[in-house]
Amino acid sequence: MKPVIIDENKIYAIGYSYATDWKNLCRTTDRAAYWSVIDFSNMDKSAYAAIENKSGMEIAFWLCRETGDFEMRFFFGERVDAVGTVPEGMEVLEIPEAKYAVFTLDSQFTSADQSAYVEAIRNLWQYIIEEWLPASGYRHDDEKCNFEVYSGDVMQIYIPVC
(Lines give C-alpha, C1' and ligand atoms only; values in the text may rest on other atoms or scores of the structure.)
Protein backbone atom coordinates (compact mmCIF):
# COMPACT_ATOMS: atom_id res chain seq x y z
CA MET A 1 0.00 0.00 0.00
CA LYS A 2 1.39 3.36 -1.04
CA PRO A 3 0.43 6.46 0.95
CA VAL A 4 -0.20 9.95 -0.33
CA ILE A 5 2.30 12.47 1.07
CA ILE A 6 0.66 15.80 1.93
CA ASP A 7 1.50 19.02 3.71
CA GLU A 8 -1.39 19.68 6.08
CA ASN A 9 -2.13 23.02 7.69
CA LYS A 10 -3.11 23.25 11.34
CA ILE A 11 -6.15 21.07 12.07
CA TYR A 12 -8.84 21.77 14.66
CA ALA A 13 -11.34 19.33 16.10
CA ILE A 14 -13.98 19.52 18.80
CA GLY A 15 -14.97 16.51 20.82
CA TYR A 16 -14.44 14.42 23.92
CA SER A 17 -11.31 13.04 25.52
CA TYR A 18 -11.20 9.91 27.63
CA ALA A 19 -8.71 8.89 30.31
CA THR A 20 -6.89 5.65 29.54
CA ASP A 21 -4.63 3.21 31.30
CA TRP A 22 -1.66 3.87 29.03
CA LYS A 23 0.45 1.08 30.55
CA ASN A 24 -1.63 -1.44 28.58
CA LEU A 25 -1.33 0.62 25.39
CA CYS A 26 2.41 0.96 24.92
CA ARG A 27 2.44 -0.33 21.35
CA THR A 28 0.82 1.79 18.65
CA THR A 29 -1.04 -1.23 17.29
CA ASP A 30 -2.68 -1.67 20.71
CA ARG A 31 -4.10 1.84 20.36
CA ALA A 32 -5.45 1.32 16.82
CA ALA A 33 -9.23 1.81 16.51
CA TYR A 34 -9.39 2.45 20.26
CA TRP A 35 -12.89 3.91 19.83
CA SER A 36 -14.11 0.32 19.46
CA VAL A 37 -13.56 -0.32 23.19
CA ILE A 38 -14.84 2.99 24.59
CA ASP A 39 -18.21 3.36 26.26
CA PHE A 40 -19.64 6.47 24.61
CA SER A 41 -22.81 6.40 26.75
CA ASN A 42 -21.76 9.56 28.63
CA MET A 43 -21.46 11.46 25.34
CA ASP A 44 -24.18 14.05 24.75
CA LYS A 45 -25.24 13.04 21.24
CA SER A 46 -27.30 16.19 20.65
CA ALA A 47 -24.36 18.42 21.65
CA TYR A 48 -22.04 16.36 19.43
CA ALA A 49 -24.46 16.75 16.52
CA ALA A 50 -24.56 20.52 17.11
CA ILE A 51 -20.81 21.09 16.72
CA GLU A 52 -20.41 24.06 14.39
CA ASN A 53 -18.37 24.19 11.16
CA LYS A 54 -17.92 20.42 10.76
CA SER A 55 -15.81 19.28 7.84
CA GLY A 56 -17.41 15.83 7.63
CA MET A 57 -14.47 13.99 9.23
CA GLU A 58 -14.11 12.49 12.67
CA ILE A 59 -10.67 12.35 14.24
CA ALA A 60 -9.33 9.77 16.69
CA PHE A 61 -6.21 11.14 18.37
CA TRP A 62 -3.95 10.21 21.28
CA LEU A 63 -3.11 13.08 23.64
CA CYS A 64 0.16 12.40 25.42
CA ARG A 65 1.43 14.77 28.08
CA GLU A 66 4.62 14.68 30.07
CA THR A 67 3.23 15.86 33.39
CA GLY A 68 5.80 14.31 35.71
CA ASP A 69 3.47 11.32 35.81
CA PHE A 70 2.92 10.50 32.13
CA GLU A 71 -0.68 11.14 31.07
CA MET A 72 -2.40 9.69 28.03
CA ARG A 73 -5.93 10.48 26.85
CA PHE A 74 -7.89 9.42 23.80
CA PHE A 75 -9.68 12.17 21.86
CA PHE A 76 -12.57 11.53 19.51
CA GLY A 77 -14.33 14.36 17.76
CA GLU A 78 -15.31 16.26 14.65
CA ARG A 79 -12.77 18.07 12.50
CA VAL A 80 -13.93 21.66 12.08
CA ASP A 81 -13.09 24.26 9.48
CA ALA A 82 -13.19 26.96 12.18
CA VAL A 83 -13.62 26.79 15.94
CA GLY A 84 -17.02 28.11 16.95
CA THR A 85 -18.89 27.57 20.19
CA VAL A 86 -17.52 24.58 22.09
CA PRO A 87 -20.35 22.57 23.69
CA GLU A 88 -20.09 21.96 27.43
CA GLY A 89 -17.99 18.94 28.33
CA MET A 90 -16.07 19.02 25.04
CA GLU A 91 -12.66 20.40 24.22
CA VAL A 92 -10.78 21.82 21.25
CA LEU A 93 -7.95 19.78 19.79
CA GLU A 94 -5.28 21.64 17.82
CA ILE A 95 -3.01 19.53 15.64
CA PRO A 96 0.02 21.48 14.36
CA GLU A 97 0.82 21.68 10.66
CA ALA A 98 2.98 18.86 9.37
CA LYS A 99 3.92 16.69 6.42
CA TYR A 100 1.94 13.43 6.57
CA ALA A 101 1.98 10.07 4.89
CA VAL A 102 -1.75 9.35 4.57
CA PHE A 103 -2.82 5.73 4.29
CA THR A 104 -6.36 4.84 3.24
CA LEU A 105 -7.85 1.58 4.44
CA ASP A 106 -8.83 -0.78 1.63
CA SER A 107 -12.46 -0.06 0.72
CA GLN A 108 -13.45 -3.71 1.16
CA PHE A 109 -13.39 -3.09 4.91
CA THR A 110 -16.30 -1.07 6.25
CA SER A 111 -17.72 -0.31 9.65
CA ALA A 112 -20.68 -2.59 8.84
CA ASP A 113 -18.57 -5.55 10.05
CA GLN A 114 -16.93 -3.94 13.08
CA SER A 115 -14.64 -6.81 14.08
CA ALA A 116 -13.17 -7.17 10.56
CA TYR A 117 -12.93 -3.37 10.29
CA VAL A 118 -11.03 -3.03 13.57
CA GLU A 119 -8.72 -5.91 12.63
CA ALA A 120 -8.02 -4.30 9.23
CA ILE A 121 -7.17 -1.00 10.95
CA ARG A 122 -4.77 -2.78 13.31
CA ASN A 123 -3.17 -4.62 10.39
CA LEU A 124 -2.72 -1.34 8.50
CA TRP A 125 -0.99 0.23 11.52
CA GLN A 126 1.28 -2.81 11.79
CA TYR A 127 2.17 -2.60 8.08
CA ILE A 128 2.97 1.13 8.40
CA ILE A 129 5.20 0.70 11.43
CA GLU A 130 6.94 -2.56 10.59
CA GLU A 131 7.19 -2.44 6.80
CA TRP A 132 6.44 0.88 5.12
CA LEU A 133 8.20 3.31 7.46
CA PRO A 134 11.54 1.43 7.64
CA ALA A 135 11.66 1.08 3.82
CA SER A 136 10.17 4.45 2.88
CA GLY A 137 13.14 6.80 3.09
CA TYR A 138 11.09 8.89 5.52
CA ARG A 139 11.37 8.93 9.25
CA HIS A 140 8.62 9.48 11.77
CA ASP A 141 8.46 13.11 12.92
CA ASP A 142 8.47 12.55 16.67
CA GLU A 143 7.55 16.19 17.30
CA LYS A 144 4.11 15.54 15.74
CA CYS A 145 1.39 12.96 16.34
CA ASN A 146 -0.27 10.17 14.40
CA PHE A 147 -4.05 10.07 14.15
CA GLU A 148 -6.96 8.33 12.47
CA VAL A 149 -9.60 10.07 10.34
CA TYR A 150 -13.06 8.70 9.55
CA SER A 151 -15.41 10.05 6.88
CA GLY A 152 -18.32 7.71 6.24
CA ASP A 153 -16.74 4.36 5.40
CA VAL A 154 -13.40 5.94 4.38
CA MET A 155 -10.76 5.50 7.07
CA GLN A 156 -7.30 7.04 6.90
CA ILE A 157 -4.21 7.00 9.08
CA TYR A 158 -2.04 10.13 9.18
CA ILE A 159 1.64 9.55 9.98
CA PRO A 160 3.83 12.68 10.41
CA VAL A 161 7.02 12.26 8.42
CA CYS A 162 10.18 14.19 7.67
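This is a predicted model: local features need pLDDT of at least 70, side-chain atom pairs count only at pLDDT 80 or more; totals for chains, interfaces and linings use all residues.
**Entry 1**

I began with N9, which is exposed at a relative accessible area of 56%. I use "exposed" for over 50% relative accessible area, "buried" for under 20% and "partly exposed" for in between, with a 1.4 Å probe and protein chains only. N9 sits in the loop between strand 1 (4-8) and strand 2. Helices (H or I, at least four residues) and strands (E, at least two) are DSSP runs, numbered from the N terminus. I also found that N9 and P96 are 87 residues apart in sequence, with 7.2 Å between their C-alpha atoms.

Residues are numbered from 1 along each chain as its sequence is written, and side-chain values use heavy atoms, with hydrogens and water left out.

**Entry 1: salt bridges**

How many salt bridges are there? I got 3, taking a salt bridge as a side-chain nitrogen of Lys or Arg within 4 Å of a carboxyl oxygen of Asp or Glu.

I looked up D7 and K99, whose side chains form a salt bridge at 3.4 Å, N to O. This pair links distant parts of the chain, with D7 in strand 1 and K99 in strand 6 (residues 98-104), 92 residues apart. D7 is exposed at 60%, and K99 is partly exposed at 32%.

Next came R79 and E8, joined by a salt bridge of 3.1 Å, N to O. R79 is in strand 4 (residues 71-80) and E8 in strand 1, so this pair ties together parts that are 71 residues apart in sequence. Buried or exposed? R79 counts as buried at 14% relative accessibility, and E8 is buried at 15%.

Then I checked E94 and K10, which meet in a salt bridge of 3.4 Å, N to O. E94 lies in strand 5 and K10 in the loop between strand 1 and strand 2, so the pair ties together parts 84 residues apart in sequence. E94 is partly exposed at 45%, and K10 is partly exposed at 41%.

**Entry 2: S17**

I found S17 in strand 2 (residues 11-19), buried at a relative accessible area of 14%. Its side chain makes a polar contact of 2.8 Å with the side chain of E91. A polar contact is a pair of N or O atoms within 3.5 Å; within protein, one must be able to donate a hydrogen and the other to accept it, and residues adjacent in sequence count only if both atoms are side-chain atoms.

Where does helix 3 bend? I found a bend of about 40° at I128, taken as the angle between axes fitted to the seven residues ending there and the seven starting there. Among the buried residues of helix 3 are Y117, W125, I128 and W132. Just after the helix, G137 has a positive phi of about 90°.

I then moved to H140, in the loop between helix 3 (114-136) and strand 7 (147-151). The H140 side chain makes polar contacts with the side chains of D142 (2.8 Å) and N146 (2.8 Å).

**Entry 3: Q156**

My last stop was Q156, in strand 8 (residues 154-160).
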